[in-house]
Amino acid sequence: MTFLHSISRASFNSFKIVAFKPLSTTLPLTRQIYPATITGAIRCLHASKPKTLKERLEELIPQKQEEVKQVKKEHGAKSLGNVTVDMAYGGMRGIKGLIWEGSVLDPEEGIEFKNLTISECRQKLPAADGGEEPLPEGLFWLLVTGEIPTKEQVKVLSAEWAARSSIPSFVEELIDRCPNTLHPMSQFSLAVTALQHDSNFSKAYQSGVNKNEYWQYVYEDAMDLISKLPNVVGRIYRNIYKDGKVPPIELDKDYSYNLAKILGYSDKDFVELLRLYLTIHSDHEGGNVSAHTMRLVGSALSDPYISFAASLNGLAGPLHGLANQEVIRWILKMRDTIGETPSDETVKEYVWNTLKSGAVVPGYGHAVLRKTDPRYTAQYEFALKHLPNDPLVKLVSQLYKIVPGVLLEHGKTKNPWPNVDAHSGVLLQHFGLVEQNYYTVLFGVSRSLGVLAQLIWDRALGLPIERPKSYSTELIKKMFEEHK
Ligand SMILES: CC(C)(COP(=O)(O)OP(=O)(O)OC[C@H]1O[C@@H](n2cnc3c(N)ncnc32)[C@H](O)[C@@H]1OP(=O)(O)O)[C@@H](O)C(=O)NCCC(=O)NCCS
């Protein structure tokens, strides 16, 4: 497909919104290098109207396809490392066997979204008018394109998501019929599966669309799905914990504002917290359970809805996303047992008792990280700024002083430092969102941004169905006994 052809196709295919006047005529790029002719053409087109995300993606895909072709040609036969028997038994820890474009996790530095650290994202991604935290719309743009969007582009994306946000009445009824005792994550997964009814990709596949066009339908599904999540999760929250009435989405407001509103929260600091929360929980490279599940299921050409539902089911496990629910439960129990302002010694004893009972200390440890999770630090900084005197925040900080030492002394955990879940719950508690069982749902909304951005690329790059090789213990014994 030629560049100009891709532009006209993009205009034809893209979701049209009559929205805002462009603020900027240039496109800020992070790490992209373009031939002068292409850059010139982009500038020229920009002079009239900023590109939508889909239009920009149409331009980037052929370049990336070529880049991947070159990488495979040049490095395809090279090894990424050894695989040992321990690794195969040990949850594949350390096996480098996935390509994931949106983010890379460094054990010491933490996550980088397209080469930007969390703190760089907080500085560089567009914020809302009057706000400071990054808008998750901007993060999604960054994950999909590798570029920092303009404020104007983010506004158009916010408007596009709001415009796509309604959910079919049968999905509303399905949610309404769930018993309040059904965990919010199960309701979330059910509703996302049901949204599959309207999958563009699924319909296109059935009608025999050319595989070169798969990504376009996956893109439309991803955009629809992300857009519909506030109505899905808002309804779940209102049904279980409130009066079941769901307020409408405001078409001229950003995603986090609408999510806060639908949950029933209008405090501007809470909206800012959601913006930060949705940004930092979005992506954590490709090997974690929710990301890898999405990739695996999607690789069978399952559509984005059922792939994301599978991802949510993985996120709902207590060693993964559900840990944030476990953390707050554990902290509240600790407070109820030893008081709101315990001595360091008493906290230490409490932590030891948890370990002696055979449980993990939730919110600490990580399969890849070997330092304090920068997502923890970002939330800590938010707390210092917005709620420095909150007693639970103080307890979290006290735990940070004590838990790593105890875990080191305990001697098992490879990483004694806190992860993202160690801090998120107390922030939500502060603003009155006290329903712990609901916390992983917010994590799930955020995770949609990372995994769906990748799923678009999976189809654009034509990645094949995943099929690693497995062995039985008997075969392992045989293989190595023969070589003794
Ligand atoms: C995140 C987690 C699942 C990573 O698992 P992992 O990669 O297997 O971690 P490690 O290699 O450090 O585990 C080695 C041992 O230390 C234990 N360990 C790890 N983190 C621990 C913690 N926070 N408290 C107590 N023990 C812990 C493991 O259970 C394991 O014990 P075992 O040998 O008896 O099975 C683990 O650290 C954990 O369970 N943390 C608490 C739950 C949590 O916060 N999850 C959210 C992650 S973002």
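The model is predicted, so local features need pLDDT of at least 70, side-chain atom pairs count only at pLDDT 80 or more, and totals for chains, interfaces and linings use all residues. Residues are numbered from 1 along each chain as its sequence is written, and side-chain values use heavy atoms, with hydrogens and water left out.

Start with the backbone. Most residues other than glycine have a negative phi. Methionine 92 is not a glycine, yet its phi is positive, about 60°. Methionine 92 sits in the loop between helix 4 (85–89) and strand 1 (103–106). Helices (H or I, at least four residues) and strands (E, at least two) are DSSP runs, numbered from the N terminus. Methionine 92 counts as partly exposed because its relative accessibility is 45%. Partly exposed lies between buried (under 20% relative accessible area) and exposed (over 50%), with a 1.4 Å probe and protein chains only.

Asparagine 115 also is not a glycine and has a positive phi, about 75°. Its loop runs between strand 2 (110–113) and strand 3 (116–117). At 37% relative accessibility, asparagine 115 is partly exposed.

Now turn to the helices. The axes of helix 16 (residues 323–338) and helix 17 (residues 344–356) come within 11 Å and cross at roughly 125°. Axes are lines fitted to C-alpha atoms over the stretch in contact, and angles run from 0 to 180 degrees between N-to-C directions. Helix 16 is therefore oblique to helix 17. Oblique is what remains after roughly parallel (under 35 degrees), roughly antiparallel (over 145) and roughly perpendicular (65 to 115).
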